[in-house]
Amino acid sequence: MEKKRARCKHCGDTYASGSGFNGTTNMNTHIRKRCKKYRPPVTDSRQTFLVKQPNVKGVGSTLGTSRFSAEECKLALAEMLILDELPFRFVENRGFRKFCFAMNPRFDVPSRRIIVRDLYKLYVEERMKLKKYFKSSQVRVCLTTDTWTSIQNINYMVVTAHFINYDWLLQKRILSFS
């Protein structure tokens, strides 16, 4: 008896099929986890979906609505790389890409070159905001420098501005890094 095979219409791979034992499980698993060319259908960007949001008081959570935005996802990814001090190549790891696909298949993870470009754009925007803030406010700024040598024997120096904002919170901003 000849075994039936099904062909993926996206990438062309074939899988065992047939009634009973193989059914559609093989193809569903392939589409969800292995197919490199499959992209889920694009839904209306105006459509909202339910999300869990923290309460105003910070205790517990409530249900709210949200929309998918690829730009917001890219910005959040760039901020994650900065805050967690991750290397740019982190976005090219298979595990991270699989995780992103499982979280939201509509988000196409950008390459590290695109991330570098986005981070530079974010840096320029933040620098302009900081310049505007220092020009408009009357805060006093304390500058510090720090130098160190990496394991690869590369010297680094950073200039940091420390100041207290209008809410009496100590702020720290890196002005230059070389």
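Which residues of α4 are buried? In this predicted model, they are Ile 115, Asp 118, Leu 119, Leu 122 and Leu 130. The cover over these residues includes α2 and β7. Helix α4 itself spans residues 112-136. Its 25 residues reach 36 Å from the first C-alpha to the last, close to the 36 Å expected at 1.5 Å a residue.

The protein has four helices and seven strands. Along the sequence they follow the pattern β-β-α-β-β-α-α-α-β-β-β. Of the 178 residues, 21% are buried. The accessible surface comes to about 14,800 Å². Carbon and sulfur atoms hold 56% of that surface. Among contacts with a separation of 6 or more, 26% join residues 24 or more positions apart.

Four salt bridges were counted. One of them pairs Asp 118 with Lys 74, with the closest N and O atoms 3.4 Å apart. This pair links distant parts of the chain, since Asp 118 belongs to helix α4 and Lys 74 to helix α2, 44 residues apart. Asp 118 counts as buried because its relative accessibility is 12%, under the 20% cut-off. Lys 74, at 17%, is buried by the same criterion.

A second bridge joins the side chains of Glu 92 and Arg 112 at 3.5 Å, N to O. Glu 92 lies in the loop between α2 and α3 and Arg 112 in helix α4, so the pair ties together parts 20 residues apart in sequence. Both partners are partly exposed, Glu 92 at 35% relative accessibility and Arg 112 at 36%.

An α-helix has 3.6 residues a turn, so residues three or four places apart point the same way. Glu 126 is partly exposed at 40%, whereas Lys 129 is exposed at 52%. Salt bridges with shared partners also join Lys 74, Arg 117 and Asp 118 into one network.

Strands β6 and β7 pair in the antiparallel sense over seven bridges. The bridge partner of Thr 160 is Ile 174 in β7. The two strands form a hairpin with five residues between them. In the turn, Trp 168 has a positive phi of about 60°. Strand β7 covers residues 170-177 and contains Leu 175. Leu 175 is partly exposed, with a relative accessible area of 35%. Together with Val 141 and Leu 143, Leu 175 makes a nonpolar surface patch of about 250 Å².

Positive phi values also occur in loops. Glu 85 is not a glycine, yet its phi is about 50°. Glu 85 lies between α2 (70-83) and α3 (94-103) and is exposed at 71% relative accessible area. Asn 153, likewise not a glycine, has a positive phi of about 65°. Its loop runs between β5 (142-149) and β6 (155-164). Asn 153 counts as exposed, with 62% relative accessibility.

Another loop residue, Lys 36, is found between α1 (25-34) and β3 (49-54). Lys 36 is exposed because its relative accessibility of 69% is over the 50% cut-off. The C-alpha atoms of Lys 36 and Cys 11 are separated by 7.3 Å. Along the chain, these two residues are 25 positions apart.

How values were computed:
Residues are numbered from 1 along each chain as its sequence is written. This is a predicted model: local features need pLDDT of at least 70, side-chain atom pairs count only at pLDDT 80 or more; totals for chains, interfaces and linings use all residues. Side-chain values use heavy atoms; hydrogens and water are left out. Buried means under 20% relative accessible area, exposed over 50%, partly exposed in between (1.4 Å probe, protein chains only). Contact means heavy atoms within 4.5 Å. Accessible areas come from the Shrake-Rupley method with a 1.4 Å probe; for residues, only the protein chains shown count as cover. Patches are made of residues with over 30% relative accessible area and no salt bridge: like charges are joined within 9 Å, nonpolar side chains (Val, Leu, Ile, Met, Phe, Trp, Tyr) within 5 Å. Two strands pair if DSSP finds at least two bridges between them. The expected span of a helix is 1.5 Å times one less than its number of residues.
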